[in-house]
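Biologist: Please show me the complex, and let us then discuss it step by step.

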Amino acid sequence: MPKLQAVIFYGFIGIQLVAAVLPIRDWPLTDYPMFSYPRKEFFGISRLALEDVFNENVVTWSHADYSSVGLNDAKLQAYVNDVNNPRVFEIIADKIKHTGKYTNGTPNAIRVTKITTGPDSEGRLKTTKEVLREIEFKELSK
Amino acid sequence: MKLNLKNYQSNELILLLFSWLYAAAIFWELHRDTAFHMNSINPSCGIMTASLGVHPNGIYYLLLTLIPLSLLLQHRFAWLWGVCAALYFICLRDFVICQSGPERIYMAWNHAIVFWVFLAMSTQKILGAAKTVTLIKFLLLISYFAGGIAKVRHGLEWMNGWTLQYYFLQRHIDLNTPLAVEMVSNLQTAKILSWLVVLPEILVPLAFLNKRLEWVFVISFFIFQIICWYVLKLKWMHYYGWTYLIYFSMVLVWLFQKSRQRKSLL
């Protein structure tokens, strides 16, 4: 193999190997933090969810319900520490006006719940639900 | 110059087919993401383009023009792929060197390999088709090895089961992914799955020792990526996944040559 060929070929391979093995930040293909950091035992991961409270049942908003009104969990998530923040009411009231999901009747109230999924003492994932706030639908649709 | 496929050696054919398919795919991806990149490349390459006296968007459009141009002219001017790699680096520098923050790290993973593949394609006149094909295959497989090394850099802690549970759960909550929680709901299952992910990644250098083993790894990783795509909604096919076209091209060329052999026997 001519010298230039060998330098390019093995240089290319060498760079990739060095970059893969050594944690050199700022070098392409050296960092995979997305799924690479190990996690210790954790309590759980929480998210906020909206629920429609009808007389007979309670219906949780699906992802499609959120996206149809341009709402994502993150927007509500920002107020997870203070669900009574007036902004939460404003966001939900605004989305209620634009949703087309209540063609068959409106709910009595909208519930904001905190859903936490995490491992129990044996490592099995369990989901718990906590109602943070319930707002009358009439108030929201004013 | 007339393109006559009969005169091509198999590696030349593989590289030719790959460059057609790959360039078309990356062009399509970049074009599809134009709005996204327009918003993200300005801070990324502002300093570099300012020193060149060019608007960042100009470099981006130049890259989009140069990819199909390199595709047409690669027979004579293979070095144009090097220019594509340089422009790609300038435009998407923050992704390629993982500087755009953890929320966009999958973009880094995607874009870095495109940069290196373009660079490998630019060396085809010097190295020859066979070695360029080897380099592209190497880039694909070594990225799994790098992923494996990144996971065991902290010891064996990644395989504690909690890690996989955490990541699967996070994806499930963010994206409503199907099956994610069910797959890791048991800690022991999560531990086994963790080992099943890491072991092939660490052992991938073995693929370079044996051709059959190489295909076993490639097919396993491809299936693994499809599972990840479904279970975790990882957008692996954008940019990164197109590197698999090198193996797809190998299969197509093999089929093409087989059919030619049959015809010549008849």
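Modeller: The questions below concern confidence, the interface and a pair of helices.

Modeller: This is a predicted model, in which local features need pLDDT of at least 70, side-chain atom pairs count only at pLDDT 80 or more, and totals for chains, interfaces and linings use all residues. Residues are numbered from 1 along each chain as its sequence is written, while chains are lettered from A and ligands numbered from 1 in the order in which they are written.

Biologist: In which helix of chain B is confidence highest?

Modeller: Confidence is expressed as pLDDT, the predictor's value for each residue from 0 to 100. Helices (H or I, at least four residues) and strands (E, at least two) are DSSP runs, numbered from the N terminus. The lowest mean in chain B, 71, belongs to helix 2 (residues 34-52). The highest, 93, belongs to helix 11 (residues 187-203) of chain B.

Biologist: Which element of chain A supplies the largest share of the side that touches chain B?

Modeller: Two residues are in contact if their C-beta atoms, placed from the backbone, lie within 7 Å. By this criterion, 34 residues of chain A meet 47 residues of chain B. The largest share of chain A's side, 9 residues, comes from helix 1 of chain A.

Biologist: How are helix 9 and helix 11 of chain B oriented to each other?

Modeller: Axes are lines fitted to C-alpha atoms, for helices over the stretch in contact, and angles run from 0 to 180 degrees between N-to-C directions. The axes of helix 9 (residues 162-175) and helix 11 of chain B come within 8 Å and cross at roughly 90 degrees. Angles under 35 degrees count as roughly parallel, over 145 as roughly antiparallel, 65 to 115 as roughly perpendicular and the rest as oblique. Therefore helix 9 of chain B is, relative to helix 11 of chain B, roughly perpendicular.
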